[in-house]
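Please keep the sequence and the coordinates at hand while reading.

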Amino acid sequence: MAKHVLVTGGAGYIGSHACKALKAAGYVPVTFDSFVTGWRDAVKFGPLEEGDLADRTRLDEVFAKWQPVAVMHFAALSLVGESMTNPGKYWRHNVLSSLNLIEATCAAGVKNFVFSSTCATYGDQDGVILDEGTRQMPINAYGGSKRAIEDMLRDFGNSHGLNSVIFRYFNVAGCDPESEVGEFHRPETHLIPLVLDAIDGRRPALTVYGTDYPTPDGTCIRDYVHVSDLVDAHVLGVKWLEDGKPSEVFCLGSGDGFSVREVIAKSGSVTNREVPIVEGARRPGDAAKLVSGSKKAIEVLGWRPKRDDLQTMIADAWRWHQNGHYEK
């Protein structure tokens with residue numbers, strides 16, 4: 001009998017990669033997406049159910065139809081800058097919609113919930129390696145909304161027996177090595193695709209915001225995880241819960257990160273092209289170094305990242321970038 005997993009945001013960047021990984025692992029991913037930011041062309045690996053998480057009646061229909069063994073929740077607004085200027089949008093869309101989903105999950109008798117959270121729940125804790133025990137102090141509505149969902153999952157675990165695996169991570173990079181799905185945001189805000197846009201002339205230059213940080217080359221250092229490795233962890237999270245293991249939180253990261261200049265240099269090397277850059281002032285709120293570790297995920301969950309070097313992340317992204325795109 002087929003095992004269905006309901007994937008919210010399955011038409012997005014990470015969600016579409018998760019659907020491919022679920023299918024490869026023997027599950028049937030059921031994408032639930034409103035297409036506010038997702039792409040119909042990215043739904044390739046299982047059935048599609050269009051809908052909004054705010055619509056409880058629609059959610060109940062989908063749960064009754066597919067009877068999933070687990071929920072994998074990616075759907076969220078995720079622009080930090082926007083969350084600081086329009087926090088209500090993030091609390092409404094991320095938190096209220098997730099509450100609706102969690103209540104529908106419990107009502108349907110589904111006990112397994114994998115949540116895509118964020119290291120933004122930790123706030124600006126500069127220069128330390130963040131782990132599962134680090135105090136959560138979000139400084140924007142995006143991080144705050146994700147922490148609130150984590151709190152809800154804990155409470156529903158206590159009251160309804162909902163078991164969850166929560167993943168916290170920073171920047172996701174790379175694309176499916178086979179280029180069936182990829183990263184395609186409108187507008188684009190992530191560093192690696194912005195660098196590749198500058199390389200192939202889709203934008204005149206990449207702006208480097210701040211070159212005087214207390215780092216080896218003066219630019220910010222950030223953690224990156226390959227999207228294929230990330231979604232492999234999420235599939236392991238489903239299996240963890242199916243095996244009857246308890247709720248857990250895992251951080252996913254490199255433990256050291258890469259600077260903006262390192263990403264630029266490696267992108268030039270991978271593509272054999274020059275990266276046009278413009279140096280700009282620091283952006284308010286940017287920390288010098290934000291990284292997390294993966295020790296617990298490796299030792300407890302058995303996660304083994306396979307594509308975690310910068311060369312591979314950029315090469316996979318470049319392969320998709322040259323030809324990959326979606327149409328509404």
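Which residue of β4 stands opposite Leu 6? The residue is Val 71. The model is a predicted one, in which local features need pLDDT of at least 70 and side-chain atom pairs count only at pLDDT 80 or more, whereas totals for chains, interfaces and linings use all residues. Residues are numbered from 1 along each chain as its sequence is written, and side-chain values use heavy atoms, with hydrogens and water left out.

Strand β1 covers residues 4–8 and runs parallel to β4, residues 70–73, with four bridges joining the two. Helices (H or I, at least four residues) and strands (E, at least two) are DSSP runs, numbered from the N terminus; two strands pair if DSSP finds at least two bridges between them. Both strands belong to an open sheet of seven strands with parallel pairing, in the order β3-β2-β1-β4-β5-β7-β12. Because β3 (48–50) and β12 (248–252) each have a single partner strand, they stand at the edges, and one side of each is left without a neighbour in the sheet. On average, neighbouring strands of this sheet are turned by 20° against each other, direction ignored.

Two helices that pack on the sheet can now be placed. Helix α2 (residues 56–66) touches β1, β2 (28–33), β3 and β4, and its direction makes about 160° with that of β3. Helix α4 (residues 87–107) touches β1, β4 and β5 (112–116), and its direction makes about 170° with that of β4. Contact means heavy atoms within 4.5 Å; axes are lines fitted to C-alpha atoms, for helices over the stretch in contact, and angles run from 0 to 180 degrees between N-to-C directions.

In the loop between β5 and β6 (129–130) lies Gln 125. This residue counts as buried because its relative accessibility is 16%, the limit being under 20% relative accessible area (1.4 Å probe, protein chains only). Polar atoms of the Gln 125 side chain lie 2.9 Å from the backbone oxygen of Tyr 122 and 2.6 Å from the backbone oxygen of Arg 135. Leaving aside residues up to four places away in sequence, Gln 125 touches Leu 130, Thr 134, Arg 135, Met 137, Lys 289 and Leu 290.

Note on methods: Buried < 20%, exposed > 50% of the residue type's maximum accessible area, 1.4 Å probe, protein only. Polar contact = N/O pair within 3.5 Å; in protein donor to acceptor, adjacent residues only side chain to side chain.
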